[in-house]
Amino acid sequence: MIERRKSKIHGWGVYATETISKNTRITFYAGEKISNRESLKRERRYIRQGHIWCFKLTNRTVIDAGVGGNIARFINHSCHANCYIDIKAGVIWVRAAKTIRKGEELTYHYNTDGEGLIRCTCRPGCPTLL
Ligand SMILES: C[S@@+](CC[C@H](N)C(=O)[O-])C[C@H]1O[C@@H](n2cnc3c(N)ncnc32)[C@H](O)[C@@H]1O
Ligand SMILES: [Zn+2]
């Protein structure tokens, strides 16, 4: 249903290889489950390398896709995303927000609560800081 390819937004991205209907569970966000405290340490290191790999699962737990992650870790952010996040029973699902056509890049809104160090490149002139 999806594959990793070079993206216009940033580095690697994830693309639909067939039409995906609205609300489909496309993939889950895999990685090591760690404490919020541990993630703050790791995020400092990751952000220096220009990456956000840590995904907040609850107020106390985070999934670090830098360790044991799957293809979901290559999904880029967009301010006009075609996917959304649905957390069920401790699993972070990436689901289709609308019908996604073959060849479209998958994106979701990162909803970062970090320091906003990365300029969003979802479209020319986007003012958002991730
Ligand atoms: C989960 S990774 C996504 C995969 C990434 N493109 C790669 O090649 O490793 C998240 C990182 O991708 C980049 N990224 C994702 N969406 C972006 C966007 N809309 N604008 C700028 N950078 C973005 C940022 O460096 C972010 O830290
Ligand atoms: Zn943007």
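This is a predicted model: local features need pLDDT of at least 70, side-chain atom pairs count only at pLDDT 80 or more; totals for chains, interfaces and linings use all residues.

Student: Which elements give two or more residues to the largest nonpolar core?

Tutor: That core has 20 residues, and Ile75, Val94 and Leu106 have the most contacts inside it. Ile75 touches Val14, Val94, Leu106, Thr107 and Tyr108, leaving aside neighbours within four places in sequence. The elements giving two or more residues to the core are β2 (12–16), β5 (54–56), β6 (61–64), β9 (91–96) and β10 (105–108).

Student: And the ligand: how many charged residues are in the shell around ligand 1?

Tutor: The shell has 19 residues, with Gly11, Trp12, Ile52, Asn76 and His77 the closest. β2 and β7 (76–77) each supply at least two of the shell residues. Split by class, there are 8 nonpolar and 10 polar residues, and the charged count is 1.

Student: Now Cys79: why does it count as partly exposed?

Tutor: Cys79 sits in the loop between β7 and β8 (83–88). A residue needs 20 or more C-beta neighbours within 10 Å to be buried, and 12 or fewer to be exposed. Cys79 falls in between because its count inside 10 Å is 14.

Student: Which residues is Cys79 in contact with, leaving aside its neighbours within four places in sequence?

Tutor: Contact here takes C-beta atoms within 7 Å. Thr107, 28 residues away in sequence, has its C-alpha 8.7 Å from that of Cys79, but the contact list for Cys79 is His109, Cys120, Cys122, Cys126 and Thr128.

Conventions
Residues are numbered from 1 along each chain as its sequence is written. Chains are lettered from A and ligands numbered from 1 in the order in which they are written. A nonpolar core is a set of buried Ala, Val, Leu, Ile, Met, Phe, Trp, Tyr and Cys residues joined through C-beta atoms within 7 Å. Helices (H or I, at least four residues) and strands (E, at least two) are DSSP runs, numbered from the N terminus. Two residues are in contact if their C-beta atoms, placed from the backbone, lie within 7 Å. A residue is near a molecule or strand if its C-beta atom, placed from the backbone, lies within 6 Å of it. Ala, Val, Leu, Ile, Met, Phe, Trp, Tyr, Cys and Pro count as nonpolar, Asp, Glu, Lys and Arg as charged, and the others, Gly among them, as polar.
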